[in-house]
Amino acid sequence: MSARILSPLVALASGLIFGLGLLISGMNDPAKVRAFLDVFAAWDPSLIAVMGSAIPVFAVFFYFGKRRKAPLCATTFHVPQLTRIDRRLLTGAVMFGIGWGLVGLCPGPALVNLLAFEPGVLIFLLALLAGNRIAHWLVGPAQ
């Protein structure tokens with residue numbers, strides 16, 4: 001099967017697994033995420049289990065993927081071009097963290113919650129997209 005056909009199928013399967021995993025683990029619930037971030041009171045460490053299971057799975061696939069001459073589901077490997085830690089990265093990371101901490105959602109869970117039609121989630125996603133476009137306009141694309 002060609003990469004042109006296989007790539008969207010792998011993306012579909014990955015998205016379904018990711019979305020189901022978020023729902024089953026409860027990580028689409030902003031209160032649960034905020035409880036993870038509340039290390040000085042009612043700390044809920046369950047997010048560590050979700051991340052802790054994702055990292056080894058990624059590491060295995062990344063290790064074997066790097067050993068291949070060509071990817072299975074694409075025409076070329078997509079290797080990150082940005083490798084330095086600079087002011088722009090740190091500023092963006094802090095802003096992302098503040099936004100995530102205030103609302104208790106990062107983009108993945110927000111997209112999973114999109115079909116719940118909760119006004120807060122819809123506003124968050126619209127603001128996220130607006131912030132992305134504003135940053136692109138003010139600062140430009142990452143290079």
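Q: Before we start, what counts as a salt bridge here?
A: A side-chain nitrogen of Lys or Arg lying within 4 Å of a carboxyl oxygen of Asp or Glu. Keep in mind that this is a predicted model.

Q: OK. How many salt bridges turn up in the whole structure?
A: Two, from a search of the whole structure. In one of them, the side chains of Asp86 and Arg84 meet with an N to O distance of 3.3 Å.

Q: Arg84 and Asp86: buried, partly exposed or exposed?
A: Arg84 has a relative accessible area of 54%, so it is exposed. Asp86 is at 24%, so it is partly exposed.

Q: And what does Asp44 pair with?
A: Asp44 forms a salt bridge with Lys32, where the closest N and O atoms are 3.0 Å apart. That pair links distant parts of the chain, 12 residues apart: Lys32 sits in helix H2, and Asp44 in the loop between H2 and helix H3 (46-66).

Q: How accessible is Lys32?
A: Its relative accessible area is 24%, which makes Lys32 partly exposed.

Q: Staying with H2, at what angle does it pack against H4?
A: About 120°, with the axes of H2 and helix H4 (residues 87-103) 8 Å apart.

Q: Why is that pair called oblique?
A: The range for roughly perpendicular ends at 115 degrees and roughly antiparallel starts over 145. The angle of about 120° falls between those limits, so H2 and H4 are oblique to each other.

Q: Which residues make the contact?
A: On the H2 side, Pro30, Val33, Arg34 and Leu37; on the H4 side, Trp100, Gly101, Leu102 and Val103. By type, these are six nonpolar, one polar and one charged.

Q: Different topic. Which residues form the largest nonpolar core?
A: Five residues: Leu105, Ala110, Val121, Phe124 and Leu125. Helix H6 (residues 119-138) supplies the largest share, three residues.

Q: What does Ala110 touch?
A: Ala110 is in contact with Leu105, Val121, Phe124 and Leu125, leaving aside its neighbours within four places in sequence.

Q: Last one, Asn28. Where is it, and is it buried or exposed?
A: Asn28 is in the loop between helix H1 (3-25) and helix H2 (30-37). Its relative accessibility is 15%, so Asn28 counts as buried.

Q: Which residues does Asn28 touch?
A: Not counting residues up to four places away in sequence, Asn28 touches Leu22, Leu23, Leu105, Pro109, Val112 and Asn113. One of these, Leu105, also belongs to the largest nonpolar core.

Notes
Residues are numbered from 1 along each chain as its sequence is written. This is a predicted model: local features need pLDDT of at least 70, side-chain atom pairs count only at pLDDT 80 or more; totals for chains, interfaces and linings use all residues. Side-chain values use heavy atoms; hydrogens and water are left out. Helices (H or I, at least four residues) and strands (E, at least two) are DSSP runs, numbered from the N terminus. Buried means under 20% relative accessible area, exposed over 50%, partly exposed in between (1.4 Å probe, protein chains only). Contact means heavy atoms within 4.5 Å. A nonpolar core is a set of buried Ala, Val, Leu, Ile, Met, Phe, Trp, Tyr and Cys residues joined through side-chain atoms within 4.5 Å. Axes are lines fitted to C-alpha atoms, for helices over the stretch in contact, and angles run from 0 to 180 degrees between N-to-C directions. Angles under 35 degrees count as roughly parallel, over 145 as roughly antiparallel, 65 to 115 as roughly perpendicular and the rest as oblique. Ala, Val, Leu, Ile, Met, Phe, Trp, Tyr, Cys and Pro count as nonpolar, Asp, Glu, Lys and Arg as charged, and the others, Gly among them, as polar.
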